[in-house]
Amino acid sequence: MNGEYRGVDGEIHQGKDHTHYTLFSLWDTYRALHPLLTYIAPDRVGDMVQSMLDHYQQSYDKMLPIWSFHGHETWTMIGYHAVSVIADAYLKGIRNFDTKLALEAVLATANSPIYDATTEYKQYGYVPMDVLPESVSITLEYAYDDFTIARLLDAMGKPNEAKVYYQRALSYKNVFDKNVGYMRGRDSKGNWDPEFTPEEAKYMGPFTEGNANQYTFYVPHDVKGLIDLMGGDQKFEQRLDALFDTHLSDEMIKEHEDIAGLIGNYAHGNEPSHHIAYLYNYAGKPWRTQERIRQIMDTLSSDKPDGLAGNDDVGQMSAWYVFSAMGCYSVAPGDLSYVIGASQLPSIALNLPNGKVFSVKANKLSQSHKYIKVAQLNGEVLKQSFITHEQIMAGGTLVFEMSDKPNKQWGEAHAHRPPSLSN
């Protein structure tokens, strides 16, 4: 009521120039909730970032929050995803926070010698499995976060510093075993995990609440690079199909109750899978994404008590639904592009903070008409299978003409695919 709050240092502080927020489930919410808030509640985003900076200044270890809860750091989950939230907000022009302090906090957090093997990550180019459990997942999530830091440094006019983090963003390649075609645990001597089983999700194994099948697709910032590692578009599509279509036995995931909402090995009830259905676009097959989004919506979403396929995780599951119902998704927050799926509503509109309205219409949408025949943005044919933040903020109308037959040519050309670090 009076702006006072208990900080992460245990002391009482006075929030003078901003509302102080806590409870940042960042491993979950950086993916869709925070990007969504930049459109529907931008006035709160700056205060949320400033609250993360409060946490940084008050913490004894000088780090941004990892998973804060009522003024405490829980150290739950992995990565340093506050940097993604800060970078995405800054790149979108939301800068009503201490930007100088933000950059200091971002770099300090990404290089903290006390946090989850960041020293070894920089030394080896990956987190060795004999140094820390969940090493592959940590490596992959650090690589994505480092991409957002590079983007932030670029936007702040520091291209030389950005190069360091663009290089770190390629660290995912160091845990991809070309002999088996999967992300795989690796020790400090370079040896691959001898107990590797792609389907198995071990508690405190190489992966976090997931298996190699799921986490091999966690390269949101460089899907093109991942496609190349896997052997090209066709093989990548086949691997995506295998993920969705291959049964995952309960025995393989018995140590992780959070792996839920299964379609084959795809686990919609847990966040590491949330971007995967959109990856067909990067292989020139948007119509396959359109099929998968409808499959997920029809089988794992409803207005009944069990209408979410897993823990909502402080809004991430719901934010995925909102974006996907609208027809697009932020696969890599910070790159300012949104991969097109297929709108699940006849009409939806975003009332934007600049006073404009961005509308999406899906003509002839029905149970059978789930494919995009033609896409038009403000009356002009849209050839690319993604839209940008700039296009959204300009307002206007995105119209999908839906059909019961896929348009296999739309979005197929390389020039029309979503951007990746590699291109």
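Mentor: A salt bridge here is a side-chain nitrogen of Lys or Arg within 4 Å of a carboxyl oxygen of Asp or Glu, and please keep in mind throughout that this is a predicted model.

Trainee: How far apart are the closest N and O atoms in the salt bridge of Asp 228 with Lys 224?

Mentor: Asp 228 and Lys 224 both belong to helix H10 (residues 223-230), where they are four residues apart, about one turn of the helix. Asp 228 is partly exposed at 45% relative accessibility, and Lys 224 is partly exposed as well, at 24%. Their closest N and O atoms are separated by 2.9 Å.

Trainee: Is Arg 288, which meets Glu 291 in a salt bridge, buried or exposed?

Mentor: Both residues lie in helix H12 (residues 286-300), three residues apart, and their side chains meet at 2.9 Å, N to O. Glu 291 is partly exposed, with a relative accessible area of 21%. Because buried means under 20% relative accessible area, the 10% computed for Arg 288 makes this residue buried.

Trainee: Which residues are linked with Arg 288 and Glu 291 in a network of salt bridges?

Mentor: The structure holds 14 salt bridges, and the pair of Arg 288 and Glu 291 belongs to a linked network of them.

Trainee: Asp 187 is buried yet has no salt bridge, so which side chain of opposite charge is nearest?

Mentor: Asp 187 sits in the loop between strand S6 (182-183) and helix H9 (212-215), and its side chain reaches the backbone nitrogen of Asn 191 at 2.8 Å. Leaving aside neighbours within four places in sequence, Asp 187 is in contact with Tyr 126, Pro 128, Met 129 and Asp 130. The nearest side chain of opposite charge is 6.6 Å away, and a salt bridge needs a distance within 4 Å, so none is formed with that residue, Arg 186.

Trainee: Which residues touch the most other members of the largest nonpolar core?

Mentor: That core has 125 residues, and its largest share, 11 residues, comes from helix H7 (residues 135-155). Beyond its neighbours within four places in sequence, Met 183 is in contact with residues including Val 136, Leu 140, Phe 196 and Leu 226. The residues that touch the most other members are Leu 64, Met 183 and Phe 236.

Terms used: Residues are numbered from 1 along each chain as its sequence is written. This is a predicted model: local features need pLDDT of at least 70, side-chain atom pairs count only at pLDDT 80 or more; totals for chains, interfaces and linings use all residues. Side-chain values use heavy atoms; hydrogens and water are left out. Helices (H or I, at least four residues) and strands (E, at least two) are DSSP runs, numbered from the N terminus. Buried means under 20% relative accessible area, exposed over 50%, partly exposed in between (1.4 Å probe, protein chains only). Lys and Arg count as positive and Asp and Glu as negative; His and the chain ends are not counted. A polar contact is a pair of N or O atoms within 3.5 Å; within protein, one must be able to donate a hydrogen and the other to accept it, and residues adjacent in sequence count only if both atoms are side-chain atoms. Contact means heavy atoms within 4.5 Å. A nonpolar core is a set of buried Ala, Val, Leu, Ile, Met, Phe, Trp, Tyr and Cys residues joined through side-chain atoms within 4.5 Å.
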